[in-house]
Amino acid sequence: MSSSNSDLNDESALTKTKPDLLLAVFIHGFKGNDNTFKEFPQRLQHVLSESINNAHVESIIFPAYEANKGRIGEYASSNSDWLTTLTVQRENDHGGGAGSAKIVLCGHSMGGFLAADSLLEFIKTRPDQDCPLWPRIIACVTFDTPFLGINPGVVKNGVTKAAEYANAATTAGSAIFGSFAGLGAQKAASSASTSVPASPWSKWAPAAFAVGGALLAGAAAGGAYYKRNDINQGFSWVMDHMKYAGNVWDEQGLRRRVDDLVDAQEKHGVIFRNFYVLLPEAPPVHLAPRSFIVQPKRTSREVKYFTPMKNKRAIDEVEGHTGMFDARTNDGYYNLGLVAANAIREAVQVARSTVTAKLDETSNDV
């Protein structure tokens with residue numbers, strides 16, 4: 001029998017069986033909420049429903065949690081408990097029995113850590129290695145998750161932008177409010193223009209706080225024109241992330257998680273993808289592309305699981321990161337939906353082929 005006829009028979013067999021239940025569970029990042037993903041889950045649900053045969057697709061948002069308190073590890077267990085309860089409910093409603101729901105965990109930013117840790121915990125806590133995974137997670141699809149750390153350039157470029165605003169405040173402040181206002185802004189510009197070493201956050205934090213404080217004091221004379229609120233929010237957002245996810249600088253811990261995620265795909269067939277924002281070079285200030293996350297080395301085993309998504313619209317790494325699911329700040333928004341759908345379709349195909357192989361094995365044993 002030709003391969004084309006075989007494919008047709010497979011499709012025909014699928015249409016005679018109960019539709020697969022495919023749950024795409026979206027987990028927002030730190031300081032995110034139920035609106036973080038905007039219309040992206042619904043769009044992805046539509047694309048998957050139209051492109052996967054014999055499947056009932058649902059997009060579900062993980063409930064907002066109090067991300068301003070505690071650390072990331074404290075939410076992994078609650079996420080797993082919630083996912084377990086959800087799976088039982090959906091499988092009972094669907095009538096397919098335990099393991100009938102195929103689950104795709106979709107995490108943005110720090111939510112990707114929660115998705116990954118939930119998957120790895122379920123793999124780890126199976127009664128034995130031959131026991132099937134339940135809940136039946138078939139993919140871990142993440143968006144701009146800093147699995148290898150946050151790119152040092154995120155803060156460094158923020159300081160450079162702060163210096164530009166402060167220099168503007170020096171000129172305008174002197175003209176409008178006299179030398180006193182200009183002097184405050186000049187001190188801020190001087191502080192901001194000092195070089196920031198490419199070192200761990202623990203060495204940067206004091207300098208960044210000092211720059212932010214001095215800048216706000218100097219630029220106050222200029223009001224909203226100097227964008228002091230934008231700068232303050234940018235520093236606050238990044239610094240709060242560091243407090244929440246302190247392990248983002250734990251290189252050994254990060255390395256172990258990434259290795260385990262690659263193993264999850266290679267050994268257990270659970271598809272892993274991390275789609276990250278890549279901003280193009282913008283001479284003369286930025287001579288190389290920029291990203292919010294630390295990119296994997298080209299020779300690493302995980303590099304093929306990290307996919308760059310170009311964004312020419314975002315003004316900096318933070319906006320590219322937080323505005324990933326908004327076409328106004330991401331001109332690659334629609335392409336992001338297509339590549340994410342492709343990864344999920346691959347996961348469904350792998351899961352179905354695994355079931356078919358097991359059925360063939362069982363029939364041969366009889």
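Q: Which residues in helix 4 meet which residues in helix 9?
A: This is a predicted model. In it, F113, A116, D117, L119, L120 and I123 of helix 4 meet L254, R257, D260, L261, A264 and H268 of helix 9.

Q: What classes of residue are in that contact of helix 4 with helix 9?
A: The contact has 8 nonpolar residues, 1 polar residue and 3 charged residues.

Q: OK, where do the axes of helix 4 and helix 9 stand on that?
A: Helix 4 covers residues 110-124 and helix 9 covers residues 251-268. Their axes come within 11 Å and cross at roughly 60 degrees.

Q: What does that make helix 4 relative to helix 9?
A: Oblique: angles from 65 to 115 degrees would count as roughly perpendicular and those under 35 degrees as roughly parallel, so helix 4 is oblique to helix 9.

Q: Is the crossing of helix 4 and helix 9 left-handed or right-handed?
A: Helix 4 passes helix 9 in a left-handed crossing.

Q: Let me zoom out. How many helices and strands does the protein chain have?
A: The protein chain has 11 helices and 7 strands.

Q: And how much of the chain is buried?
A: Of the 366 residues in the protein chain, 48% are buried.

Q: What about contacts between residues at least 6 apart in sequence?
A: Among those contacts in the protein chain, 76% join residues at least 24 apart.

Q: Switching to rings. How many aromatic pairs are there?
A: The structure holds 15 aromatic pairs. One of them is formed by F26 and F37, with 5.0 Å centre to centre and 65 degrees between the planes, and this pair is edge-to-face.

Q: Where do F26 and F37 lie?
A: F26 lies in strand 1, residues 20-27, and F37 lies in the loop between strand 1 and helix 2. The pair therefore ties together parts that are 11 residues apart in sequence.

Q: Are F26 and F37 buried or exposed?
A: F26 counts as buried, at 0% relative accessibility. F37 also counts as buried, at 0% relative accessibility.

Q: What about the rings of F272 and F306?
A: Their centres are 6.2 Å apart and their planes are at 85 degrees, so that pair is edge-to-face. The pair links distant parts of the chain: F272 is in strand 5 (residues 271-279) and F306 is in strand 7 (residues 306-310), 34 residues apart.

Q: Why does F272 count as buried?
A: Because its relative accessible area is 1%, and buried means under 20%. F306 is buried as well, with a relative accessible area of 6%.

Q: Which residues do ring pairs link into a cluster?
A: The cluster holds F26, F37, F40, F143, F275, F325, Y333 and Y334.

Q: New topic: backbone. What do most residues and peptide bonds look like?
A: Most peptide bonds are trans, and most residues other than glycine have a negative phi.

Q: Where are there cis peptide bonds?
A: One joins W134 and P135, with omega about -5 degrees. P135 is in the loop between helix 4 and strand 4. Another joins P283 and P284, with omega about 5 degrees. P284 is in the loop between strand 5 and strand 6.

Q: Which residues have a positive phi although they are not glycine?
A: K38 is one of them, with a phi of about 50 degrees. N54 has a positive phi too, about 55 degrees.

Q: Where do K38 and N54 sit?
A: K38 lies in the loop between strand 1 and helix 2, and N54 is in the loop between helix 2 and strand 2.

Q: And is each one buried or partly exposed?
A: K38 is partly exposed, with a relative accessible area of 36%. N54 is buried, with a relative accessible area of 18%.

Q: Last one. Where is V47 found, and what does V47 touch?
A: V47 is found in helix 2. Not counting residues up to four places away in sequence, V47 touches A341 and R345. V47 counts as partly exposed, at 27% relative accessibility.

Technical notes. Residues numbered from 1 in each chain as written. Predicted model: local features only at pLDDT ≥ 70, side-chain atom pairs only at ≥ 80, totals over all residues. Heavy atoms only, no water. Phe/Tyr/Trp six-rings, centres within 6.5 Å; stacked < 30°, edge-to-face > 60°. Helix = DSSP H or I, 4+ residues; strand = E, 2+ residues; numbered from the N terminus. Buried < 20%, exposed > 50% of the residue type's maximum accessible area, 1.4 Å probe, protein only. Axes fitted to C-alpha atoms, helices over the stretch in contact; angles between N-to-C directions. Parallel < 35°, antiparallel > 145°, perpendicular 65-115°, else oblique. Left-handed = near helix turned anticlockwise from the far one by under 90°. Contact = heavy atoms within 4.5 Å. Nonpolar A, V, L, I, M, F, W, Y, C, P; charged D, E, K, R; others polar.
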